[in-house]
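The points are numbered and can be read in order.

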Amino acid sequence: MEGYKRWVRTNKDYVHSLESLANGLTWLLPERFSSSEIGPEAVTAILGIITAINEHIIDTTSVQTYAGSVEPSSFPYSLCISTIKDLETLVEVAAEHYYGEEKKWNFIAITEAIKVIVRLALFRNNGYKMLLHGGETPNIEQHLKSGSHRGRAHSQDVNGRNPWNLEGRAMSALSRFGENARMLSEPVWLSRVHHQHAIMEPLSPVVKRTTLSTILSEKGLYGGLFVTGEVLFLIRPLIYVLFIRRYGVRSWIPWFLSLSVDFIGLGFLRQVTKSRLDGKGQHFDLTDSEKDELKRRKLLWALYLMRDPFFSKYTRQRLESTEKVLEPVPIIGLLTGKIVELVTGAQTRYTYMSGS
């Protein structure tokens, strides 16, 4: 196993290329969206699990000793979440084949419940930091210090000198000039070596994991809103499935309820990141990765156009009308028809449109 890990880490670009090619070809498998055909989904699930394992091997190389990160857990949460996501479509197809359309939602609900439990455990273990891509991507960026640290930042630069006096300004300018000259003169490979050393050799001791009581005591109401918003995002798919199981996929109740939970959860997160806490000028700062994650979550709202009953009532008609208009056009009409076929087929699978 260690030999395989070394091979994956050494040939990660080659591994990524093979995985992309294999995963792309699975969309061309015959009977991909047939309710009675389990084989193509099994192939897709196996390839997905292999991809998840390889990504875990590559990620753990640089994440396990990242400077300033929380103490790593022995349980591979990200790999577990990726594996469940790769298996859930196979579970859906097999449940529909053996137990029927209505009873398959029992198995989907169990799958979503397992994902919620694992993600909540990761959320707690990671010090209540925002989960990136549902926990599949490690959140290792450090937040900027606020409050008193920001005050000190105005009086001293990174080298501990006061930038407001003449000597401090001169020394800071020389320091910046030296850093820029070094970066410009270094070859690319040497810069990569320095970057790897910065990752593999932490410059500071491991940061103690943040607890819920710490967040509530330091951030107060806004800390509670942040945790609530993140939890709502994590449990929203389970709520959606449970209400589909109760009212049916054609009902508007699960659709509107799921949209409301997404809207409220994201509203909480946006509110706490824009507000000042306790009048002390402290912000609930987000890292660049977390800001990108919020943008990704807003883009996921587009999936509501592909979920029933909205899809059956509105989206399908638009797709079919577009296909008819472009059908006489050579090549473009053929490609449009194939795209509509794939989109319509994917829409029949809950797991493709769940956004979870």
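**Notes on the predicted model**

1. A salt bridge joins the side chains of Lys104 and Glu92, with 3.2 Å from N to O. The structure is a predicted model, and the points below should be read with that in mind. Lys104 belongs to helix α5 and Glu92 to helix α4, so this pair ties together parts that are 12 residues apart in sequence. Both Lys104 and Glu92 are buried.

2. Which residues are linked with Lys104 in a network of salt bridges? The network consists of Glu92, Glu96, Glu101 and Lys104. In the whole structure, a search finds 11 salt bridges.

3. Arg296 has 22% and is partly exposed.

4. The largest nonpolar core has 20 residues, and those that touch the most other members are Phe123, Met130, Phe226, Val227 and Leu294. At least two residues of this core come from each of α4 (77-99), α5 (104-125), α10 and α11 (252-274). Helix α10 gives the largest share of the core, 5 residues. A second, separate core has 7 residues, among them Trp105, Ala109, Tyr240 and Ile244.

5. Which residues does Val227 touch, leaving aside those up to four places away in sequence? The contacts are Phe123, Tyr128, Leu212 and Ile215. Two of these partners, Phe123 and Tyr128, form an aromatic pair. The pair is edge-to-face, with 5.1 Å centre to centre and 80° between the planes. Phe123 is buried at a relative accessible area of 2%, and Tyr128 counts as buried at 13% relative accessibility.

6. Phe310 and Tyr314 form another aromatic pair, a tilted one, with 5.0 Å centre to centre and 45° between the planes. Both residues are in helix α13 (residues 310-326), and because they are 4 residues apart they are separated by about one helical turn. Tyr314 is partly exposed, with a relative accessible area of 42%. The whole structure has 13 aromatic pairs according to the search.

7. Phe310 and Tyr314 also belong to a cluster linked by ring pairs, together with Trp252, Trp255, Phe256 and Tyr304. Tyr304 sits in the loop between α12 and α13. Tyr304 counts as buried, at 3% relative accessibility.

8. What surrounds Tyr304? Not counting residues up to four places away in sequence, Tyr304 touches Arg236, Trp255, Ser258, Leu259, Asp262 and Phe310. Of these contacts, Trp255 and Phe310 are also members of the ring cluster. Tyr304 and Gly355 are 51 residues apart in sequence, and their C-alpha atoms are 9.4 Å apart in space.

9. Which helix gives the largest share of the patch? Helix α10 (residues 221-247) does, with 3 residues. Tyr247 is in helix α10 and counts as partly exposed, at 40% relative accessibility.

Terms used:
Residues numbered from 1 in each chain as written. Predicted model: local features only at pLDDT ≥ 70, side-chain atom pairs only at ≥ 80, totals over all residues. Heavy atoms only, no water. Buried < 20%, exposed > 50% of the residue type's maximum accessible area, 1.4 Å probe, protein only. Core = buried A, V, L, I, M, F, W, Y, C linked by side-chain atoms within 4.5 Å. Contact = heavy atoms within 4.5 Å. Phe/Tyr/Trp six-rings, centres within 6.5 Å; stacked < 30°, edge-to-face > 60°. Salt bridge = Lys/Arg side-chain N within 4 Å of Asp/Glu carboxyl O.
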